[in-house]
Amino acid sequence: MKNWLLSSLLIVATTFTPSATFAASPEEKGLDIAKKMEASNNGFVGEESQMKMILIDAYGAKTTRLMKGLVKEVQGDGDKSISIFENPQDVKGTKMLTHSHKNDDDDQWLYLPTFRRVKRISSSNKSSSFMGSEFSYEDLGSQEVDKYKFKWMKDITLEGGQKGWLLERVPKTKSGYSKMLMKISSQYMNPVEVEYYDRKNELLKVAKFTDFKNFKVAGKSMWRANKIHMKNVQTKKESIFEWSGRKLGVKHKDRDFNKNALKR
Amino acid sequence: MKLLLLAFFLPLTILAEDWSHKGEVSLQWRRFDDDNNVGTEDTGALVFTRLESVYEDEMNRHVFRGFARVDQKDSDRDFMALEDFYFSRYLDEEQSWLALAGYKLYNWTATEAFHPADVINSRNFDSDLEYFEKLGELTVEVTGLFDWGSVSFFIWPRYQKPQFPGDRSRLGFGLDLANPQAISGSNIGEEWTFQGGARVGFTLDDGDVSFHLIHHVDRNFPITGTHEYTFNSLLGRFVPNDLNAFQNNPTPYYFKKTQAGGTLQYAFSNLLVKFEGAYRIFQDDVSILTVNGERKPIDHGEVALGFEYMLPVNFEGGDTSLFLEGGTILGTTKEERALLGAFQRDVLLGVRHSFNDIMGSELFLSIIHDIERDDERLYNFSYSRRLSDFWKVSAGLRIYDAKQKGTNPVGLESLDGAHHVLINLNRFF
């Protein structure tokens with residue numbers, strides 16, 4: 001047991017400490033970190049959670065949206081997810097099914113309960129606002145490594161003394177952003193802060209990831225932020241995404257993420 | 001029958017732990033352009049209520065949904081309808097086969113305005129022309145759910161009658177229609193009749209495809225008149241046995257038909273391509289005397305092709321989508337098409353702008369233009385936004401521009417001049 005523990009600690013130490021990334025160029029080093037980040041977050045099998053989104057306008061007025069989220073991990077491609085809207089009441093029961101892909105536009109369907117209709121929707125306009133929030137579909141969609149170019153900028157020390165890296169991420173395909181600057185925590189192997197730059201290369205939004213919680217799925221440890229606070233520095237609007245009752249390792253059936261399942 | 005089902009299902013709903021509910025109460029006001037006719041009601045002021053209750057566990061699901069409306073000005077609009085009232089259960093532990101029984105509302109459409117494939121449910125014709133309210137159809141259904149798609153088999157044992165506007169309605173025909181009658185072969189007025197079909201749906205690349213084959217009483221192409229008439233040799237033409245009923249309370253007849261059709265929705269980047277098509281073969285054992293003479297149903301095809309394009313640029317953070325859609329009836333003459341319906345060869349051009357604000361504000365503008373018959377257009381402007389998490393307001397303007405060209409109005413002509421504004425205030429719960 002001690003040997004196993006020591007071995008594990010050694011693997012973690014050599015894999016996830018900043019100094020352990022020996023790639024030659026900043027681009028290779030950035031890609032290496034991104035791949036490790038992806039690998040450390042893979043293997044969650046499936047997820048379900050309650051989600052709360054607080055929208056704050058430029059004058060401080062707040063309104064709240066509630067959703068239920070289901071995610072099924074797909075090996076070799078992007079994940080499948082369903083968001084079920086619970087509030088505001090006029091969209092209660094509306095469901096959005098997303099099949100994300102590594103190298104292609106996502107497939108998306110919307111179930112409109114009033115009409116009992118499943119409608120395919122265009123997923124290519126990723127910079128659209130999600131439910132009137134400061135989050136875009138792109139922010140909440142799949143973040144597959146293959147969709148971006150990465151560049152390591154420097155090793156950094158985060159608040160609280162955590163070690164980490166500053167990465168630049170540039171979308172390879174159509175995007176609402178010219179680039180993103182990401183502060184990655186080597187402990188969580190997740191971003192703790194992301195600066196989003198618009199197509200004119202001006203700072204647009206800043207997202208802070210907090211309330212990290214550790215999950216264990218089939219013996220593997222992984223972290224998830226339970227709160228993202230997004231501030232639009234241009235419009236002064238803010239949105240806060242909060243997760244509760246989050247479960248990882250949930251085994252969903254594949255056909256529950258089929259468009260025919262939306263009507264059920 | 002409905003009461004029996006209600007008595008059976010309602011206790012389940014109340015006792016169940018895994019159930020959810022939602023609903024709305026709306027105040028709806030509309031005002032028509034004055035037609036200088038004291039026999040019609042130019043103002044509508046009604047209360048609309050919809051309730052939905054869903055019970056769900058691992059293997060079972062039960063849904064109840066219905067609506068009711070009461071109009072203070074026009075009692076002919078008072079109406080109560082069952083939309084869904086069914087119980088479904090997986091037949092196996094793998095959850096590959098699902099059985100369902102009860103009243104159900106179907107939506108097989110892929111397009112926005114013209115719906116050749118979406119034909120199962122009867123409609124309430126005192127609602128929006130492009131999206132008539134539907135009435136639940138008594139159904140027994142078995143569906144196979146597979147990773148590649150689904151296959152459904154249906155039996156609809158009872159023909160559900162459509163709802164028509166009264167003689168005072170500006171969206172009606174200026175007279176009280178008699179009780180609609182189904183015609184199956186030579187049988188007239190039988191509500192219980194065999195109807196059934198099958199549908200297969202699957203996803204292919206970036207598209208959704210479906211095909212259906214159904215045999216049922218048609219719901220969209222009634223022939224209005226009387227089946228009780230004789231030839232008057234003195235006049236040299238057919239005359240109704242009851243002239244008063246023929247003139248003041250004609251009967252809409254719905255004929256049994258076999259329909260083969262399908263739908264497609266395909267995504268090309270920002271562009272969605274939508275298609276619906278169907279071919280209909282009617283049983284025409286019975287002829288109907290109409291104001292345009294003796295008629296039988298006409299076998300025909302109907303197709304609709306639509307494009308929805310989301311502009312790649314955002315205006316003040318909002319999203320804008322453009323709609324172009326065309327629908328036509330095939331295999332008939334121009335005159336026959338005109339008798340079949342309001343949209344026999346038309347094009348829709350529309351734009352929807354979602355402001356993407358906290359209140360979900362949305363603007364929709366559209367025009368439907370008849371490309372075959374002169375001067376027939378329907379304009380629609382609407383705006384909606386939330387007032388809070390529970391309240392929503394919407395307003396709209398509809399303009400019907402379709403001058404009557406013959407002796408009797410056909411298609412959209414019967415609604416010419418029925419321009420109106422409407423305001424809805426909804427409270428959701």
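# Two chains and the surface between them

Chain A and chain B together bury about 4000 Å², with 37% of that area on carbon and sulfur atoms, where buried area is the accessible area (1.4 Å probe) that two parts lose on being put together, summed over both. The size of an interface is often given in this way, as the accessible area lost when the parts come together. Of the area that chain A buries against chain B, 21% is supplied by R116(A), R120(A) and R264(A), which is more than any other three residues give. Counted by contacts, meaning heavy atoms within 4.5 Å, 42 residues of chain A touch 59 residues of chain B.

The model is a predicted one, in which local features need pLDDT of at least 70 and side-chain atom pairs count only at pLDDT 80 or more, while totals for chains, interfaces and linings use all residues. Residues are numbered from 1 along each chain as its sequence is written, chains are lettered from A and ligands numbered from 1 in the order in which they are written, and side-chain values use heavy atoms, with hydrogens and water left out.

Chain A holds three helices and 13 strands; helices (H or I, at least four residues) and strands (E, at least two) are DSSP runs, numbered from the N terminus. Its radius of gyration is 19 Å, which agrees with the value near 18 Å that a compact globule of 264 residues would have; the radius is taken over C-alpha atoms, and the globule rule is 2.2 Å times the number of residues to the power 0.38. Along the principal axes of chain A, the C-alpha trace spans about 60 × 45 × 35 Å. Of the 264 residues of chain A, 53% count as buried, a word that stands for under 20% relative accessible area, with exposed meaning over 50% and partly exposed in between (1.4 Å probe, protein chains only). Among the contacts in chain A between residues at least 6 apart in sequence, 45% join residues at least 24 apart.

The accessible surface of chain A comes to about 12300 Å², and 54% of it belongs to carbon and sulfur atoms; such areas come from the Shrake-Rupley method with a 1.4 Å probe, and for residues only the protein chains shown count as cover. Chain A carries 48 positive and 33 negative side chains, and the centres of the two sets lie 4 Å apart. Here Lys and Arg count as positive and Asp and Glu as negative, while His and the chain ends are not counted, and the place of a charge is taken as NZ of Lys, CZ of Arg, CG of Asp or CD of Glu.

K247(A) is found in strand β13 (residues 238–248) and counts as partly exposed, at 47% relative accessibility. Leaving aside neighbours within four places in sequence, K247(A) is in contact with G46(A), E47(A) and E48(A), and from K247(A) to Q50(A), 197 residues apart in sequence, the C-alpha to C-alpha distance is 9.7 Å. The peptide bond from N87(A) to P88(A) is cis, with omega near 10°, and P88(A) belongs to the loop between β3 (80–87) and β4 (95–99). In another loop, between β10 (190–197) and β11 (203–217), lies N201(A), whose phi is near 65°, a positive value in a residue other than glycine; at 43% relative accessibility, N201(A) counts as partly exposed.

Chain B has three helices and 27 strands. The radius of gyration of chain B is 22 Å, close to the 22 Å that the globule rule gives for 429 residues, so this chain is as compact as a globular protein of that length. The C-alpha trace of chain B spans about 70 × 50 × 45 Å along its principal axes, and buried residues make up 52% of the chain. Among contacts in chain B between residues at least 6 apart in sequence, 61% join residues at least 24 apart. Chain B has 40 positive and 64 negative side chains, with the centres of the two sets 3 Å apart.

D375(B), in the loop between β24 (362–370) and β25 (376–386), has a positive phi of about 55° although it is not a glycine, and D375(B) is partly exposed, with a relative accessible area of 44%. H115(B), in the loop between β5 (97–104) and β6 (122–124), is buried, with a relative accessible area of 15%.
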